[in-house]
Amino acid sequence: MRLYRLRLSKPRLDKLSDICSDVALVALASVVLPAVFDRYDPVRVALGLFVTFLFWILSVLLKK
């Protein structure tokens, strides 16, 4: 099975980057912050930060 590279226009790549950035912010606000301030849960904090940074990095890579 061959994976083909997506050929997207610049506006579409910018929109995907914005969506990834927004997903990262939602993960931060809905997973990490409640896990820190409501009931401290280190597993949720770690997983939430992982997802947040993953989507932020993906967003930056799509902007390039």
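Analyst: The accessible surface of the protein chain comes to about 5,500 Å², and 68% of that area belongs to carbon and sulfur atoms; these areas were computed by the Shrake-Rupley method with a 1.4 Å probe, and for residues only the protein chains shown count as cover. This is a predicted model, in which local features need pLDDT of at least 70 and side-chain atom pairs count only at pLDDT 80 or more, while totals for chains, interfaces and linings use all residues. Residues are numbered from 1 along each chain as its sequence is written, and side-chain values use heavy atoms, with hydrogens and water left out.

The protein chain has two helices and zero strands, taken as DSSP runs numbered from the N terminus (H or I of at least four residues for helices, E of at least two for strands). Its radius of gyration is 15 Å, well over the 11 Å that the globule rule gives for 64 residues, so the chain is more spread out than a compact globule; the radius is taken over C-alpha atoms, and the rule is 2.2 Å times the number of residues to the power 0.38. Along the principal axes, the C-alpha atoms fill a box of roughly 45 × 30 × 15 Å. Of the 64 residues, 16% count as buried, where buried means under 20% relative accessible area, exposed means over 50%, and partly exposed lies in between (1.4 Å probe, protein chains only).

Helix α2 has 22 residues and reaches 31 Å from its first C-alpha to its last, close to the 32 Å expected at 1.5 Å a residue, the expected span being 1.5 Å times one less than the number of residues. The buried residues of α2 are V45, G48, T52 and S59. Seen down the axis of α2, these buried residues fall within an arc of 75°, so they line one face of the helix; the arc is that of the directions from the helix axis to the C-beta atoms. An α-helix has 3.6 residues a turn, so residues three or four places apart point the same way. The face of α2 turned away from its buried side carries the exposed residues V43, L47, F50, I57 and L61.

Leaving aside neighbours within four places in sequence, S59 is in contact (heavy atoms within 4.5 Å) with S17, C20 and S21. S17, in helix α1, counts as buried at 1% relative accessibility and, under the same exclusion, touches L62 and K63 as well as S59. Across the chain, residues 24 or more positions apart account for 66% of the contacts with a separation of 6 or more.

The C-alpha atoms of D41 and S59, 18 residues apart along the chain, are separated by 27 Å.
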